[in-house]
Amino acid sequence: ATAADLGAVESGAFDVLAAFAHQVAFVDEPEGDSASLVLAPVEVAVQDRFGNLVPGASPEVALSLAESTNAASLDGTTSVTAAAGVARFTALELRLAGTYRLAASAAGLAGARSDTFSIVPALPNRLAVLAGPGQGEGQEPLAPALQVGLVDRFGNVNPAGSVTVSVTLAGGNPDAVLSGTTSRSTVSGVATFDDLVVDRAGGDYVLLADAIGGFQAQGSAPFDVRLTFDDIAVGFSHSCGLTVAGHAYCWGRNNRGQLGDGTQVSRSLPTPVDTGIRFEDLAAGETHTCG
C-alpha cells in the first residue's frame, strides 16, 4: 500500500485458490501425423470459470470427433480420469487421412473443442481397386473406368506415390481378349484405365491390377460382358449378329472362313469378326458373310 509522502507497506503473503471446476480446455492440442496415430499426447485441463487449473478435480474426461472431412472414427483410449486436474491422452488413433477437430467433455462441466489438425496418409504398401466396371458390352469401353490407388495399410490414397500399374483379365470366357491401355502410371496416387475393352461375352470376369515394387496384386469385383444384338443374319450352317454398337460376331461352321475370325475353326459361341471395323448391315450366304 502506498500514499503520498508516506512510505510503502506490504501485507503478509496470501494465496488465491482456483474456484469450483467449471469447464474443460485443451492445453496441449492434438497434432497431425501420418495415418493411424496422433503421436503427440493430448492434454485436457479442468478449469474454473476464469481459466485457472483446478488441481483437485478428477472427473472422467472423454474425447470425440467434433469435425471430420470423412467418416473416420476416433479409436484408442478416448476416456481418461483427470489427475491433478489434467487428463492426458497418449493413445489416440485415426486411420483415415483428413482434417479434424476434437471435442472434450466431462459430466457437469462446459466442453471444449480443439484446434483443427490434419492426418496425412502413411507410406503406401499396397494397391487397392477404388472403382471398377459393372456390366459391360462387348468391344465397348468398360464403365465405370477401373481406378487403382496406391494406398497405405488403412486404405488412404498416397498422392505422392508413383508406380506403373498393369492390368490383366481373368475369369469369364477363356478366349476373351482384353485390349486398350493396360499399363498406366499413377497420377496423384491413382491410375485410371478408361479405355479397357473385353471382346467376348462371359460372366464373372475380373480385372487384376499389379505393380512392380512388392505391391500385392488386387482384383476388381466380378463383372459380366454381354452382347446386345440389333440384327441377325442366318446362313446355311452359320449365323452372324450385329450389336447395337456396330460390332459383328459370328458362330457356327467355319470350314470356308465364313465366321471372319481369320481361322477355319468352327465356333459354338459368338466370336468377334477380326477386322476392327464397325458395320451397319450384314448378309450371310451358304459359306460366306458380307458386311
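**A close look at the cysteines**

Modeller: Let's begin with Cys290: its sulfur lies 10 Å from the closest cysteine sulfur, which belongs to Cys240, and that is too far for a bond. The cut-off for a disulfide is a pair of cysteine sulfur atoms within 2.5 Å. Cys290 is also partly exposed, with a relative accessible area of 46%. Here buried means under 20% relative accessible area, exposed means over 50%, and partly exposed is in between, using a 1.4 Å probe and protein chains only.

Before going on, please keep in mind that this is a predicted model, where local features need pLDDT of at least 70, side-chain atom pairs count only at pLDDT 80 or more, and totals for chains, interfaces and linings use all residues. Residues are numbered from 1 along each chain as its sequence is written, and side-chain values use heavy atoms, with hydrogens and water left out.

Now for the bonded pair. A disulfide is a covalent bond between the sulfur atoms of two cysteines. Searching the whole structure turns up one disulfide. Its partners are Cys240 and Cys250, whose sulfur atoms are 1.9 Å apart. The pair links distant parts of the chain, 10 residues apart: Cys240 sits in strand S24 (residues 238-243) and Cys250 in strand S25 (residues 248-252). Strands are DSSP runs of E with at least two residues, helices are runs of H or I with at least four, and both are numbered from the N terminus. The torsion about the S-S bond of Cys240 and Cys250 is about 105°, so this disulfide is right-handed.

How covered are the two partners? Cys240 has 0% relative accessibility and therefore counts as buried. Cys250 is buried as well, at a relative accessible area of 2%.

Finally, let's step back to the protein around them. It has zero helices and 28 strands. Its radius of gyration is 34 Å, well over the 19 Å that the globule rule gives for 291 residues, so the protein is more spread out than a compact globule. That radius is taken over C-alpha atoms, and the rule is 2.2 Å times the number of residues to the power 0.38. Along the principal axes, the C-alpha trace spans about 130 × 35 × 35 Å. Buried residues, Cys240 and Cys250 among them, make up 37% of the 291 residues.
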